[in-house]
Amino acid sequence: MIEISNRYPRVAEYLENEVGFEKWSRCHYPGLMYNIMTTNMVESLNSMLVNARDFSYVALLDVIQEKMSKWWNDRRIVGMALTTPLTPSWESQLRPRFAQSNGRHTSQLNPVTYHVKGGELEVVVDIFNKTCTCKEFDIDKLPCVHAVAAAHHAQVSVYSLVSPYYTKENYVLAYGETIYLVGSQSQWDVPNEVIARIVLPREVKDKKRGRPKTSRFPSVGEFRKRKNRCGKCGAYGHYKKKCNSQTGSTEGNPPINVPV
């Protein structure tokens with residue numbers, strides 16, 4: 001916040017006084033937001049449907065359903081093959097903390113509370129309520145380095161302090177149901193009242209000139225990475241040093257030094 005105040009005082013004042021910390025800072029948010037604060041999931045679906053968006057509604061839904069069915073089956077297979085208590089992404093985050101907790105001085109304050117010293121912080125860990133004054137354990141629901149040290153001192157399994165949402169069992173349950181394809185329209189059992197409905201076509205507005213835009217406009221502050229253009233053949237996607245062209249032009253792209 002100090003860095004924002006130094007560079008953008010008006011922005012800092014707006015975030016602090018008008019918006020409030022709880023709406024944009026994870027450590028001040030009263031609920032459980034975990035580590036998801038972006039629209040990456042939406043962007044992934046949008047990228048997956050970039051070619052299917054021009055289909056009719058029924059065909060578009062078929063594409064979505066077929067893709068979701070494949071995803072569910074693939075993740076179900078991965079979950080059944082797991083040999084660790086946690087899913088791979090969370091297991092990879094927890095494992096290094098076992099070694100990082102070594103050498104930290106831990107003393108017991110009461111049956112469930114421990115004082116952990118070492119590193120930059122001195123913290124208090126509550127293994128019953130699964131909290132730590134460093135707040136990392138509270139927010140991520142994954143034992144921090146201090147909680148791991150406290151668990152070792154209390155001779156408690158570190159995995160018992162992990163949120164159940166990160167476990168193999170819940171991962172398998174999340175993808176346990178099978179998504180079946182709808183099938184051909186000739187096999188649909190449509191009620192008579194639905195068949196009797198008269199659905200008018202949507203109102204078509206005057207089309208703009210040129211091809212319709214398929215990619216969205218970048219958001220404010222978003223910068224898109226430019227593609228590399230070869231200085232030898234003029235093609236995109238590689239540099240001059242890695243160019244395999246012998247003629248100076250590939251895929252119909254003229255060299256850069258030739259005016260177009």
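## Salt bridges and accessibility

User: What makes E136 partly exposed in this predicted model?

Analyst: In this predicted model, E136 has a relative accessible area of 34%, and because partly exposed covers the range between the 20% limit for buried and the 50% limit for exposed, E136 is counted as partly exposed.

User: Why is the pairing of R97 with E136 called a salt bridge?

Analyst: The closest N and O atoms of R97 and E136 are 3.2 Å apart, and because the cut-off between an Arg side-chain nitrogen and a Glu carboxyl oxygen is 4 Å, the pair qualifies as a salt bridge. The pair links distant parts of the chain, with R97 in helix α5 and E136 in helix α6 (residues 136–140), 39 residues apart.

User: Is R97 buried or exposed, and how do you know?

Analyst: R97 has 11% relative accessibility and therefore counts as buried, since buried means under 20%.

User: Why are R95 and E91 placed in separate accessibility classes?

Analyst: R95, at 48% relative accessibility, counts as partly exposed, whereas E91, with a relative accessible area of 6%, is buried, because the limit for buried is under 20% and exposed begins over 50%.

How values were computed
Residues numbered from 1 in each chain as written. Predicted model: local features only at pLDDT ≥ 70, side-chain atom pairs only at ≥ 80, totals over all residues. Heavy atoms only, no water. Buried < 20%, exposed > 50% of the residue type's maximum accessible area, 1.4 Å probe, protein only. Helix = DSSP H or I, 4+ residues; strand = E, 2+ residues; numbered from the N terminus.
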